[in-house]
Amino acid sequence: MKNLILISALAVSFASKANKLSHSISASPTYLQVTNVLIVPPASSKIQVALLLDTSNSMDGLIDQAKSRIWEIVNTLTTLKYQGTNPDIEIALYEYGNDGLSAEKGFIRQVAPLTKDLDLISEKLFALRTNGGSEYCGNVIHSSIDELQWDDGANTMKLIYISGNEPFNQGPVDYKKAINKALKNKVYVNTIFCGDKETGIKEFWQDGAVTGEGKYFNINSNAKVEYIVTPYDTQINACNQKLNKTYIGYGRHGVSKKANQVAQDENAQSISSSNTAERVVSKSKAAYSNEEWDMVDSYRKDKGSIQKMSKEELPSEFKNKSKEEITKIIEEKTAEREKIQKEIGELAVKRQKFITEESKKKSNKSDDLGVAIKSSILDLASKNGFKQ
């Protein structure tokens with residue numbers, strides 16, 4: 001009689017024990033023989049977040065907050081796990097309410113689709129400019145649901161964050177209908193009103209969140225983001241130079257993407273050294289993956305990727321090398337990067353502990369875009385099977 005033992009890959013140690021048990025049982029004729037062990041792979045998971053930002057005239061402060069908090073938001077997402085595994089993270093960006101946008105399309109623009117390319121999100125975010133316009137919340141929610149490639153997997157958490165300061169019910173598209181369409185796709189809608197709480201309630205921003213089974217927040221969009229400088233920021237930022245040297249661009253976009261990586265480092269630095277540290281911490285995480293242009297990440301994902309690359313895809317310094325020579329170099333760069341990322345990770349733990357302790361001492365808690373998004377992510381995550 002053969003028994004099939006089903007063992008979760010999240011508890012691989014059980015598999016080891018089962019194998020030992022199998023050998024023990026086989027040696028004794030008085031026990032049942034265990035012959036098959038099936039390891040079930042962990043369920044793949046994903047978190048998709050669409051940021052819908054009002055870029056009308058009065059929203060310069062909101063855009064500045066988004067620039068200041070984007071890497072902190074990413075780092076909050078990377079703390080989450082689903083059944084013990086790291087989810088893929090995709091972020092999309094929309095702007096609305098800007099006179100520079102097409103009136104026919106309701107003053108809405110998809111700035112970036114749902115993508116794992118976090119440098120692209122940073123690039124597009126820093127390129128946003130405000131201009132007077134008409135803010136139609138229902139329109140932009142409807143467009144984001146229709147246009148984005150929302151995952152239909154059961155292990156995906158899908159979130160919309162819409163922020164602005166005009167009545168939520170403006171425009172030709174009924175916000176309730178747009179949000180109900182979102183819910184049919186299991187996309188939760190969170191609203192962030194840039195103004196006082198009671199005004200946001202009167203102008204239907206709270207109702208939008210209640211309808212969308214999300215969270216309602218109000219923030220002072222003109223408030224400057226306050227950072228807690230830590231003793232570890234300088235060390236973390238110093239690691240970034242070493243980390244960047246482990247990236248080797250390949251293919252048609254290798255050179256431009258590597259250049260953009262440096263450009264986004266500079267954008268983060270233009271905000272503050274603390275913001276730079278947040279970005280560097282993000283670059284040490286699995287979510288910051290660039291396999292489409294970086295040979296190390298490509299090799300990490302698929303050990304056969306180098307063998308599959310044509311000579312034309314290789315960077316100039318590799319064109320006269322054999323695939324074996326290239327593989328050796330990439331393996332060395334992989335080990336080097338993992339060592340640097342581990343160092344950043346250890347510093348990041350100490351940094352976060354310092355920030356947590358210092359935050360407890362503050363009587364006035366900052367209330368900005370990043371704080372609103374972070375707190376709701378953690379709350380909604382627990383309801384969708386994701387844990388820190």
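Reader: Let us begin with helix H10, residues 273-283: how many of its 11 residues are buried?

Author: Please keep in mind throughout that this is a predicted model. A residue counts as buried when its relative accessible area is under 20%. By that criterion 10 of the 11 residues of H10 are buried, and the helix is mostly covered. The buried residues are Ser 274, Asn 275, Thr 276, Ala 277, Glu 278, Arg 279, Val 280, Val 281, Ser 282 and Lys 283.

Reader: Which helices are included in what covers the buried residues of H10?

Author: The cover includes helix H2 (60-78), helix H3 (118-126), helix H8 (233-244), helix H9 (254-271) and helix H13 (323-361).

Reader: Turning to links between side chains, how many salt bridges does the structure hold?

Author: The structure holds 27 salt bridges, and a few of them can be read one by one. In one, Glu 72 pairs with Lys 374, with the closest N and O atoms 2.6 Å apart. This pair links distant parts of the chain, since Glu 72 lies in helix H2 and Lys 374 in helix H14 (residues 369-383), 302 residues apart. Glu 72 is buried, at a relative accessible area of 14%, while Lys 374 is partly exposed at 24%.

Reader: Which residue forms a salt bridge with Arg 109, and which strands does the pair tie together?

Author: The partner of Arg 109 is Glu 95, and their closest N and O atoms are 2.7 Å apart. Because Arg 109 lies in strand S6 (residues 108-115) and Glu 95 in strand S5 (residues 88-96), the pair ties together parts that are 14 residues apart in sequence. Here Arg 109 is partly exposed, with a relative accessible area of 37%, and Glu 95 is buried, with a value of 4%.

Reader: Is Lys 308, for its part, buried or exposed?

Author: Lys 308 is exposed, with a relative accessible area of 61%. Lys 308 forms a salt bridge with Asp 302, the closest N and O atoms being 2.6 Å apart, and Asp 302 counts as partly exposed at 30% relative accessibility.

Reader: Which residues do salt bridges with shared partners join into one network?

Author: That network is made up of Asp 294, Asp 297, Arg 300, Arg 337 and Glu 338.

Reader: Finally, how many disulfides does a search of the whole structure find?

Author: The search finds zero disulfides. As for individual cysteines, Cys 137 counts as buried at 1% relative accessibility, and Cys 194 is buried with a relative accessible area of 10%.

Note on methods
Residues are numbered from 1 along each chain as its sequence is written. This is a predicted model: local features need pLDDT of at least 70, side-chain atom pairs count only at pLDDT 80 or more; totals for chains, interfaces and linings use all residues. Side-chain values use heavy atoms; hydrogens and water are left out. Buried means under 20% relative accessible area, exposed over 50%, partly exposed in between (1.4 Å probe, protein chains only). Helices (H or I, at least four residues) and strands (E, at least two) are DSSP runs, numbered from the N terminus. Contact means heavy atoms within 4.5 Å. A disulfide is a pair of cysteine sulfur atoms within 2.5 Å. A salt bridge is a side-chain nitrogen of Lys or Arg within 4 Å of a carboxyl oxygen of Asp or Glu.
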